[in-house]
Amino acid sequence: MKWTCEQTELYLTDYLDGALADDLRHAFDAHVNACDRCTPLVSGVTHALSGLRALPELETPPRLVYNILDATLGPRETVTGWAAVRAWIRGVASPRFAYGSLSLAATFLMIVTASGFNWKKPRLADLAPSNIYRNTNRQAHLAYARGTKYVSDLRVVYEIQSRLRQDNELPTNNEGTVPESSPQKEPGRTDGTSPSTPRQQNRANDANPSLQVLAEELPVLSTRLCFVLSEGRTR
Amino acid sequence: MEQDAQLVQQCLQGDGSAWEELVRRHSRRIFNICYRFTGNRTEAEDLSQDVFLRVYRTLGSYRSAHGGFATWMTSVTRNLLIDHYRRTKRDRITDSLDDAMPVVENKQSSARRPDEQALLGELSQQVQSALTRLSPELREAVILRDLQQLEYSEIQTVLEVPEGTVKSRINRGRIELARILQQMGVRPS
């Protein structure tokens, strides 16, 4: 196909828009690659287009919309004085704003309280972020230590209770083997009571010193253990 | 597009908020067309305001069957820009003598407001300067096609010329722009 420089100019837009048929495109390319006049033309237009498309979209001037609205709808009514205050309060009193404020206040209170802030004697220094962090860290360590102590106390109490239960179960089993119709009489005993077996008595005597040691070590449990020990002695 | 037609109907029934919505939706596009055509921010702002005033007054003449609201607004903008161009032609005759000299052109460019200088990069400024040196019919065709990305059929509606003429103007506009940029020693990357 015979292609001329005039045809290049004529079909340039279609070529750049990708709207040229394949055979025309090939003829276009073949001519442009060989023509000293058309090569700079096509590259120049391509570069001009890329420059055009790189132009930024400008922002609307800030007053333009208001000026247009003022010119078409008339100046807007501005609220002043008490009406403005009432309008502001209406905005603040909206449920959305109120819920947001309440949740924010609750979160703040929780954080400050958790940090150990003294509400009876408030100090401004306690609200400093470094102090809040230090106090919160201290409170967390205290809570952990208390929890650990409580768990270990419970473990000791449970151990004592299980030992006592074990000791109480032993004579009951022995007594069960003895028939009721033939009560065992002990020589030299005239009050008719049935004391513990010697083995049980020995066990109780063995447990009491260890419980006394535990009671001395744990002042919290001393009252309860004293009661347990006194019960053990009376048996 | 349907939303625009609905807003227009609401405007015609006296709904001020619908008009406000229309202004907010289209003000940026109209301002950009005006700025690219005139190359002057203040003139573009005044012209944009005039466009919306005219649209507001002639809103009743808009028919959605004849095309989109945006295209109709672009037609109004184009007519106002051409009117403005003709009105200020005498002022530009003296300017055109200066335009022939590249040094003076650069001086004009550097006399822009500082915010404009910051807004446009050096290359953008040069392309904008070249764009404003195109003839108005080529300029409007290039702006609508290459900056506003309008289809040929929409440009045909806006310019009220056959599609062949639209293509021819765009083609000539692009070639002319490349020549002006070359004369200015600019090779956009």
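**Entry 1: ground rules**

I take helices (H or I, at least four residues) and strands (E, at least two) as DSSP runs, numbered from the N terminus. By that rule I find 9 helices and 0 strands in chain A, and 11 helices and 0 strands in chain B.

I note that this is a predicted model, in which local features need pLDDT of at least 70, side-chain atom pairs count only at pLDDT 80 or more, and totals for chains, interfaces and linings use all residues. Residues are numbered from 1 along each chain as its sequence is written, while chains are lettered from A and ligands numbered from 1 in the order in which they are written.

**Entry 2: confidence**

I looked up pLDDT, the predictor's confidence in each residue, from 0 to 100. Chain B has a mean pLDDT of 85, with 83% of its residues at 70 or more. For chain A the mean is 78, and 70% of its residues reach 70 or more. Residues 175-183 of chain A fall below 50, and I find 1 contact for this stretch beyond near neighbours in sequence. I count two residues as in contact if their C-beta atoms, placed from the backbone, lie within 7 Å. In chain B, residues 100-110 stay under 50, with 6 contacts beyond four places in sequence. Where pLDDT is low, the predicted coordinates should not be read in detail. For the complex, I wrote down an ipTM of 0.79 and a pTM of 0.58.

**Entry 3: burial and contacts in each chain**

I call a residue buried if 20 or more other C-beta atoms lie within 10 Å of its own, exposed if 12 or fewer, and partly exposed in between, with C-beta atoms placed from the backbone. Of the 235 residues of chain A, 7% are buried; of the 189 residues of chain B, 33% are. In chain A, 54% of the contacts between residues at least 6 apart in sequence join residues at least 24 apart. In chain B, residues 24 or more positions apart make up 64% of the contacts with a separation of 6 or more.

**Entry 4: where the chains meet**

I find 26 residues of chain A and 34 residues of chain B in the contact. On the chain A side, H1 (5-16), H3 (38-53) and H4 (64-73) each supply at least two residues. The largest share of that side, 9 residues, comes from H3(A). I sorted the side of chain A into 15 nonpolar, 8 polar and 3 charged residues, where Ala, Val, Leu, Ile, Met, Phe, Trp, Tyr, Cys and Pro count as nonpolar, Asp, Glu, Lys and Arg as charged, and the others, Gly among them, as polar.

**Entry 5: the largest nonpolar core**

A nonpolar core here is a set of buried Ala, Val, Leu, Ile, Met, Phe, Trp, Tyr and Cys residues joined through C-beta atoms within 7 Å. The largest has 50 residues, of which Cys34(B), Ala141(B), Val142(B) and Leu177(B) touch the most other members. Helix H2 (residues 16-38) of chain B gives this core its largest share, 9 residues. Domain 1 (1-87) and domain 2 (93-189) of chain B each contribute at least three residues; the bounds come from an automatic or database domain assignment. Leaving out residues up to four places away in sequence, I see Cys34(B) touching Ala44(B), Leu47(B), Ser48(B), Thr77(B) and Leu81(B).

**Entry 6: H11 of chain B**

I checked the length of H11(B), residues 163-183: at 1.5 Å a residue its 21 residues should span 30 Å, and its end C-alpha atoms are 30 Å apart, which agrees. The expected span is 1.5 Å times one less than the number of residues. Its buried residues include Val166(B), Ile170(B), Arg174(B), Leu177(B) and Leu181(B). The buried residues of H11(B) pack against H1 and H3 of chain A, and also against H8 (122-132), H9 (136-147) and H10 (152-159) of chain B. Just after H11(B), Gly185(B) has a positive phi of about 75°.

Most residues other than glycine have a negative phi, and most peptide bonds are trans. I therefore flagged Gln149(B), which is exposed with 9 other C-beta atoms within 10 Å; its phi is near 55°, a positive value. Gln149(B) sits in the loop between H9 and H10 of chain B. Glu160(B), in the loop between H10 and H11, also has a positive phi of about 55°.
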